[in-house]
Amino acid sequence: MRPASATATAETAAPLPTPGAAPGSGPLRLTVSARRYHFHGPGLIYIVTTVVLVLGAINGQNNLLFWIFGLAVGGLLVSGVLSGAALMGIDITREPSPIGSVDQPMQIRYRVRNRNRFFSAFALYIEELPTEGPSEEFAPWWERMPGPVAFAASVPARGEVTATATIRPTARGPCDFWAVRVWTTFPFGLTRKSVTFTGAQRALVRPAVLMPEPGMLDRALGAGEAGQGRRDPSGAGEFHSLREFVPGDSRRLIAWRPSARLGTTVVRETEERPADRLWLVLDVTEPGPQMERLISFGAGVASAMLRDGREVGVMAGSHLVVAYARVGQRHMENILNGLASLDPEMVSRAQQSPPVRRRDGLLVLHTGAQ
């Protein structure tokens, strides 16, 4: 895939809002929605063993079996009731929504607070649950990343710790989190106690940045091997050289005196005047691997041109502004945020033309180019 040649066009249009604004929510304290006990393999085996012990003790009237049965029941009480009481005093707060990138480490932090006065909580697992959110606009996080799981070894009474889940997103786009479950099997692993919290919060996964090959942009923008600028066909730029006339050249470019002296028709070539702004136009049609690669490549092209000091804007199709034209590396944040939420449906709904001026250059990127 390579970009098509740059062209200039004259269009007037009303600005469009930039899609895909970056999440800016602060810490969110979650609300308790459910508490429960879960039976799992080790606990079921333990209960069956305890039942066998009590049956054996009753049938054989063996004092040792009665003592062992009492210890088994005590283990259940300690594992279930006492440690469960410590879990009931837990509060969870999600830190500000993160912004990540495809295939790069992304961290989600949780502040875990223990409101209990006497009981500490141990071996806590904090995991996001793949459950639907409260609105139709909910963007499932599990479609773009593996399940986040954090671990807190201990939370002292009246204390607070921070637990971190590190994941690698697999796809770009907004990710909405809703339900969080905190669970533990401490101390003996016999019963699994959990508390479920809810609270809507959005993160953003930016596309991967695929940088263009060296020299690709120079060729696409019309530069030669020596870094010369493109010739301006209007003849309004600075003089560069003479060449032989070919059909299609404007008669205004003919150099009459040199033509008379050389005995053949020659025309003037001039340097192209640089465009005030350059717009990247992404030919986004259908979702799929090719579109994702195109978006990543567009992010790389924008990054390279911003490093060269250009004023860069990004469009999808001919009517949707992804990021308005700006300069500076900080503008790359706006471009990546816009590309993160881009989809063909947004392009098809766009009606207004983007604010492209007469001297703006257009660089069209499409999936079909090789």
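User: How much space lies in the second largest pocket?
Analyst: About 400 Å³. Keep in mind that this is a predicted model.

User: Which residues are closest to the centre of that second largest pocket?
Analyst: Arg144, Gly173, Pro174, Ser341 and Asp343 are the closest to its centre, out of 23 residues that line the pocket.

User: And which elements give two or more residues to the lining?
Analyst: Those are β10 (173–184), α5 and α7 (344–349). Helix α7 gives the most, with four residues.

User: What is the lining like by class?
Analyst: The lining of the second largest pocket has eleven nonpolar, three polar and nine charged residues.

User: Switching to cavities. How many of 30 Å³ or more does a search of the whole structure find?
Analyst: The search finds one. The largest cavity has a volume of about 40 Å³.

User: What lines the largest cavity?
Analyst: Its lining is made up of Arg94, Glu95, Pro96, Ser97, Pro98, Ile108, Arg109, Phe177 and Gln201. By class, that is four nonpolar, two polar and three charged residues.

User: Now helices. At what angle do α5 and α6 cross?
Analyst: Helix α5 (residues 289–307) and helix α6 (residues 331–340) cross at roughly 170°, and their axes come within 10 Å. An angle over 145 degrees counts as roughly antiparallel, and the two helices are therefore roughly antiparallel to each other.

User: Which residues make the contact?
Analyst: From α5 they are Ile295, Ala299, Ala302, Ser303 and Leu306; from α6 they are His331, Met332, Ile335, Leu336 and Leu339. The contact has eight nonpolar and two polar residues, with no charged ones.

User: Why do residues three or four places apart in a helix point the same way?
Analyst: An α-helix has 3.6 residues a turn, so residues at that spacing point the same way.

User: Is α6 largely enclosed or left open by the rest of the structure?
Analyst: Eight of the ten residues of α6 are buried, so that helix is largely enclosed by the rest of the structure. The buried ones are His331, Met332, Ile335, Leu336, Asn337, Gly338, Leu339 and Ala340.

User: On to the backbone. Which residues does a cis peptide bond join?
Analyst: Phe186 and Pro187, with omega at about 5°. Pro187 sits in the loop between β10 and β11 (192–206). Most peptide bonds are trans, and most residues other than glycine have a negative phi.

User: Then what is the phi of Ala123?
Analyst: Ala123 has a positive phi of about 50°, although it is not a glycine. Its place is in strand β7 (residues 121–129). With a relative accessible area of 22%, Ala123 is partly exposed.

User: What about Arg158, where does that one lie?
Analyst: Arg158 is in the loop between β8 (149–155) and β9 (160–167). This residue is not a glycine, yet its phi is positive at about 60°.

User: Last one: is Thr93 buried or exposed?
Analyst: Thr93 counts as buried, at 11% relative accessibility, since the cut-off for buried is under 20%. The residue is found in strand β4 (residues 90–94).

User: What is Thr93 in contact with?
Analyst: Leaving aside its neighbours within four places in sequence, Thr93 is in contact with Pro27, Leu28, Arg29, Arg109, Tyr110 and Arg111. Arg109 is also one of the residues that line the largest cavity.

Notes:
Residues are numbered from 1 along each chain as its sequence is written. This is a predicted model: local features need pLDDT of at least 70, side-chain atom pairs count only at pLDDT 80 or more; totals for chains, interfaces and linings use all residues. Side-chain values use heavy atoms; hydrogens and water are left out. Axes are lines fitted to C-alpha atoms, for helices over the stretch in contact, and angles run from 0 to 180 degrees between N-to-C directions. Angles under 35 degrees count as roughly parallel, over 145 as roughly antiparallel, 65 to 115 as roughly perpendicular and the rest as oblique. Contact means heavy atoms within 4.5 Å. Ala, Val, Leu, Ile, Met, Phe, Trp, Tyr, Cys and Pro count as nonpolar, Asp, Glu, Lys and Arg as charged, and the others, Gly among them, as polar. On a 1 Å grid over the protein atoms alone, a cavity is a set of points where a 1.4 Å probe fits but cannot get out, and a pocket is an open set with protein on both sides within 12 Å along at least five of seven lines; lining residues have an atom within 4 Å of a point. Grid points are joined across faces, edges and corners, and a volume is the space filled by probe spheres set on the points. Buried means under 20% relative accessible area, exposed over 50%, partly exposed in between (1.4 Å probe, protein chains only).
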